[in-house]
Amino acid sequence: SFAFHPVGAAGRSLFKHVDFVRPAALEQLPVPWPRNQELRRDAVRIPSSDDSVVAISHGWSYQVHPDPMGSEAASMRSLID
């Protein structure tokens, strides 16, 4: 049976407002990464109890895009390798 990750204790509404991107999907994203609204729906999923969940927060160096050169993406990808 499917068991939610403990992060699900925040309530089902969490999954309406936060997307959890699969590590394999991160590796396939083009640089610069697309906006969240432009992600393919199969790139995200609700984590199960067996998944590790990592939250990343970083400042935007540019007003139009958080990482136009892909330097932040490279750092984030190294965390999941």
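Me: What is the volume of the largest pocket, and what makes it a pocket rather than a cavity?

Reply: In this predicted model, the largest pocket has a volume of about 1200 Å³. A cavity is a set of points where the probe fits but cannot get out, whereas a pocket is an open set, so the name pocket tells you that this space is open.

Me: Thanks! Which residues line the largest pocket, and what makes a residue count as lining?

Reply: A lining residue has an atom within 4 Å of a point. For the largest pocket there are 34 such residues, and Asp19, Val21, Leu26, Trp33 and Ile56 lie nearest its centre. Helix H2 (23–28) and helix H3 (71–80) are the elements that give two or more residues to this lining. The largest share, four residues, comes from H3.

Me: How is the lining of the largest pocket divided by class?

Reply: It has 20 nonpolar, seven polar and seven charged residues.

Me: Why are Leu26, Leu29, Trp33, Leu39, Val44, Ala73 and Met76 called a nonpolar core?

Reply: A nonpolar core needs buried residues of the listed nonpolar types, joined through side-chain atoms within 4.5 Å. These seven residues form the largest such set. Met76, one of them, also touches Trp33, Ile56 and His58, leaving aside residues up to four places away in sequence.

Me: How do you know which side of H3 is buried?

Reply: The buried residues of H3 are Ala73, Met76 and Arg77. They cover an arc of only 100 degrees around the axis, so they sit on the same side of H3. Those buried residues pack against H2.

How values were computed
Residues are numbered from 1 along each chain as its sequence is written. This is a predicted model: local features need pLDDT of at least 70, side-chain atom pairs count only at pLDDT 80 or more; totals for chains, interfaces and linings use all residues. Side-chain values use heavy atoms; hydrogens and water are left out. On a 1 Å grid over the protein atoms alone, a cavity is a set of points where a 1.4 Å probe fits but cannot get out, and a pocket is an open set with protein on both sides within 12 Å along at least five of seven lines; lining residues have an atom within 4 Å of a point. Grid points are joined across faces, edges and corners, and a volume is the space filled by probe spheres set on the points. Ala, Val, Leu, Ile, Met, Phe, Trp, Tyr, Cys and Pro count as nonpolar, Asp, Glu, Lys and Arg as charged, and the others, Gly among them, as polar. Buried means under 20% relative accessible area, exposed over 50%, partly exposed in between (1.4 Å probe, protein chains only). Contact means heavy atoms within 4.5 Å. The arc is that of the directions from the helix axis to the C-beta atoms.
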